[in-house]
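Q: Can you walk me through this structure? I'd like to start with strand pairing and then move on to other contacts.

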Amino acid sequence: MLRKIKRSVTVGGVQMGGGSPVTIQSMTNTDTADVAATVEQIKRLERAGCEIVRASVYNEDCVNAIPAILERISIPLVADIHFDHRLAIGAMKKGVHKIRFNPGNIGNAANVRELVACARDCRVPIRVGVNAGSVEKSMLERFGGPTPEAMVESALKHVAILEREGFYDTVISIKASNVPDTAAAYRMADMRCDYPLHLGVTEAGLGAAALVKSSIGIGSLLLEGIGDTLRVSLTGDPALEAKTAALILRAVGLRKDGIEIISCPTCGRCGVDLEKFVKRVEAELPKDKGYLKVAIMGCAVNGPGEAKEADIGIAFGESNAVVFKHGEREFSGPLNEVTEQFLQAAKDMLN
Ligand code: SF4
């Protein structure tokens with residue numbers, strides 16, 4: 001996969017663009033002014049794989065909570081601010097590592113200059129984030145609705161305001177709630193500028209439908225080499241956003257970590273409770289000891305082939321099972337015995 005090298009932007013020590021790995025972001029859904037709840041959630045997000053976290057900053061209480069939050073977390077914090085540039089300036093002065101703010105919404109050149117001067121002094125990058133639901137009226141009229149073209153024009157208009165002030169430490173996101181428009185907008189933006197792109201399908205919804213939308217939208221762009229950082233946007237627990245983001249990166253081959261399980265869907269040929277065994281393997285293998293590809297296959301049809309391709313794999317038969325390690329047949333025997341040996345061998349490979 002060829003990734004276009006984008007301008008490099010650093011967010012609290014984490015690089016975006018410039019050839020750096022694609023980073024995982026998420027957003028808290030606590031009241032930001034409630035420091036204890038926000039910190040607790042950020043720590044959970046961090047454990048789920050989140051590398052940069054965003055919190056909404058919508059009043060002075062949120063701004064004042066920033067130092068106490070920063071003191072207790074170890075990943076960069078982004079302040080999500082709309083319309084009020086004074087909150088953005090307050091957040092930057094309190095130490096946030098990035099702001100999400102659209103400068104075109106300030107409506108006053110002096111205020112823009114004040115915002116940009118503060119961002120420069122505090123070395124804080126700005127993400128310009130345009131969503132289909134918040135495209136300005138003039139663009140909606142010009143393009144006949146929140147089309148990909150309208151969203152890209154809107155984003156580049158905000159970016160141009162920063163450029164006129166000599167500010168280039170910018171990241172861009174352009175999100176729609178449907179996959180084709182999101183993908184089209186990012187492709188256009190990728191061709192038209194060299195700022196790092198923050199990927200996401202916004203307001204993707206709930207459960208399996210949201211996971212599918214996000215995976216296809218973000219995954220297809222990543223496979224085209226587009227995207228420098230990403231947020232999966234789900235209704236519900238944000239820890240699931242971070243976990244899903246990590247799985248998307250692994251599925252498209254941009255990350256190799258944790259346990260990747262290859263298991264068959266089973267069919268009439270399968271004589272064991274494969275689902276139960278897969279769940280056991282997933283629960284018992286440590287996720288933080290590096291990468292291991294584990295194949296667990298229900299019968300001899302595709303079993304040995306897949307098992308040979310994994311770091312370690314097991315193919316079940318009617319009363320026996322065979323285990324392969326790095327493509328070589330390692331051992332075989334009665335089901336119960338071999339499953340225990342297989343699990344132990346996988347654990348040993350991670351130690
Ligand atoms: S590997 Fe065997 S049991 Fe599993 S789905 Fe394929 S044919 Fe069915």
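Q: What stands opposite Phe-316 in β14?
A: Ala-321 does, in this predicted model. Phe-316 belongs to strand β13 (residues 312-316), which pairs with strand β14 (residues 320-325) in the antiparallel sense over five bridges.

Q: Which strands make up the sheet, and in what order?
A: The order is β11-β12-β13-β14-β15, an open sheet of five strands with mixed pairing. At the edges are β11 (258-263) and β15 (328-334), each of them pairing on one side only.

Q: New topic: how is the protein chain divided into domains?
A: Domain 1 covers 9-251 and domain 2 covers 258-349. Taken over C-alpha atoms, their centres are 40 Å apart.

Q: And the ligand, what surrounds it?
A: The surrounding residues include Cys-264, Cys-267, Cys-270 and Cys-299, along with Arg-269 and Met-297. By class, the shell has seven nonpolar residues, three polar and one charged.

Q: How many salt bridges does the structure hold?
A: 17. One of them joins Arg-44 and Asp-237, at 2.9 Å from N to O. Arg-44 is in helix α1 (residues 35-47) and Asp-237 in the loop between β10 (229-231) and α9 (238-251), 193 residues apart.

Q: Is that Arg-44 buried or partly exposed?
A: Partly exposed, with a relative accessible area of 30%. Asp-237 is partly exposed as well, at 37%.

Q: What does Arg-280 pair with?
A: Glu-340, with the closest N and O atoms 2.9 Å apart. Arg-280 sits in helix α10 (residues 274-284) and Glu-340 in helix α12 (residues 335-349).

How values were computed: Residues are numbered from 1 along each chain as its sequence is written. This is a predicted model: local features need pLDDT of at least 70, side-chain atom pairs count only at pLDDT 80 or more; totals for chains, interfaces and linings use all residues. Side-chain values use heavy atoms; hydrogens and water are left out. Two strands pair if DSSP finds at least two bridges between them. Helices (H or I, at least four residues) and strands (E, at least two) are DSSP runs, numbered from the N terminus. A residue is near a molecule or strand if one of its heavy atoms lies within 4 Å of it. Ala, Val, Leu, Ile, Met, Phe, Trp, Tyr, Cys and Pro count as nonpolar, Asp, Glu, Lys and Arg as charged, and the others, Gly among them, as polar. Domain bounds come from an automatic or database domain assignment. A salt bridge is a side-chain nitrogen of Lys or Arg within 4 Å of a carboxyl oxygen of Asp or Glu. Buried means under 20% relative accessible area, exposed over 50%, partly exposed in between (1.4 Å probe, protein chains only).
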